[in-house]
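Dear colleague,

I am handing over a structure that is new to you, together with an account of what was found in it. Please keep it open beside this message while you read.

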Amino acid sequence: MTYGTAYFPTITAAVAYFKPYNETASDVRAKVEAGSIHIGKPPTKEGEEAYIVNEQPGRRYYIRAKANGGAK
């Protein structure tokens with residue numbers, strides 16, 4: 001299983017992601033302060049891995065099960 005997260009590698013990536021939704025940099029900073037989005041790598045469970053997807057615009061983390069099901 002693979003799913004998108006509310007984690008972005010940088011504030012710049014988050015701003016780019018939200019720009020098509022008419023969100024400003026101030027709006028994005030407010031989302032970070034409110035905890036609705038996060039900057040940095042997301043936590044994962046054993047057997048999962050986080051990776052970055054270029055959503056054009058913006059990049060954000062996705063999480064998927066590791067192919068071998070191994071530990072982090």
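K31 lies over the face of F18, 5.0 Å from the centre of the ring. A charge is taken to sit over a ring if NZ of Lys or CZ of Arg is within 6 Å of the ring centre and within 35 degrees of the ring normal.

Please note that this is a predicted model, in which local features need pLDDT of at least 70 and side-chain atom pairs count only at pLDDT 80 or more, while totals for chains, interfaces and linings use all residues. Residues are numbered from 1 along each chain as its sequence is written, and side-chain values use heavy atoms, with hydrogens and water left out.

The chain as a whole

The chain contains two helices and five strands, in the order β-β-α-α-β-β-β along the sequence. Helices (H or I, at least four residues) and strands (E, at least two) are DSSP runs, numbered from the N terminus. Along the principal axes, the C-alpha atoms fill a box of roughly 40 × 25 × 15 Å. The chain has 72 residues, of which 31% count as buried; buried means under 20% relative accessible area, exposed over 50%, and partly exposed in between (1.4 Å probe, protein chains only). Among contacts between residues at least 6 apart in sequence, 53% join residues at least 24 apart, where contact means heavy atoms within 4.5 Å.

Aromatic rings

The structure holds six aromatic pairs. One of them, Y17 with Y21, is tilted, with 6.1 Å from centre to centre and 45° between the planes. Rings of Phe, Tyr and Trp (its six-membered ring) pair if their centres lie within 6.5 Å; planes under 30 degrees apart count as stacked, over 60 as edge-to-face and the rest as tilted. Y17 is buried because its relative accessible area is 15%, whereas Y21 counts as exposed because its relative accessibility is 54%. Ring pairs also link F8, Y17, F18 and Y21 into a cluster.

How do the two helices meet, and which residues make the contact? The axes of α1 (residues 11-18) and α2 (residues 25-34) come within 9 Å and cross at roughly 120°. Axes are lines fitted to C-alpha atoms, for helices over the stretch in contact, and angles run from 0 to 180 degrees between N-to-C directions. The crossing of α1 and α2 is right-handed; a crossing is left-handed if the near helix is turned anticlockwise from the far one by less than a right angle, and right-handed if clockwise. On the α1 side the contact is made by I11, A14, V15 and F18, and on the α2 side by A25, V28, R29, K31 and V32. By class, these comprise seven nonpolar, no polar and two charged residues. Ala, Val, Leu, Ile, Met, Phe, Trp, Tyr, Cys and Pro count as nonpolar, Asp, Glu, Lys and Arg as charged, and the others, Gly among them, as polar.

The loops

I37 lies in the loop between α2 and β3 (38-39) and is buried because its relative accessible area is 5%. Leaving aside neighbours within four places in sequence, I37 is in contact with A6, F8, A14, F18, V28, K31 and V32. The C-alpha atoms of I37 and A6 are separated by 4.8 Å, although these residues are 31 apart along the chain.

In the loop between α1 and α2 lies N22, where phi is near 60°, a positive value in a residue other than glycine. N22 counts as exposed because its relative accessibility is 70%. K19 is found in the loop between α1 and α2 and, at 62% relative accessibility, counts as exposed.

Q56 is found in the loop between β4 (48-54) and β5 (59-65). With 64% relative accessibility, Q56 counts as exposed, and its phi is near 45°, a positive value in a residue other than glycine. A cis peptide bond joins Q56 to P57, with omega about 15°. P57 lies in the loop between β4 and β5; from C-alpha to C-alpha, P57 and K19 are 8.1 Å apart in space and 38 residues apart in sequence.

With kind regards
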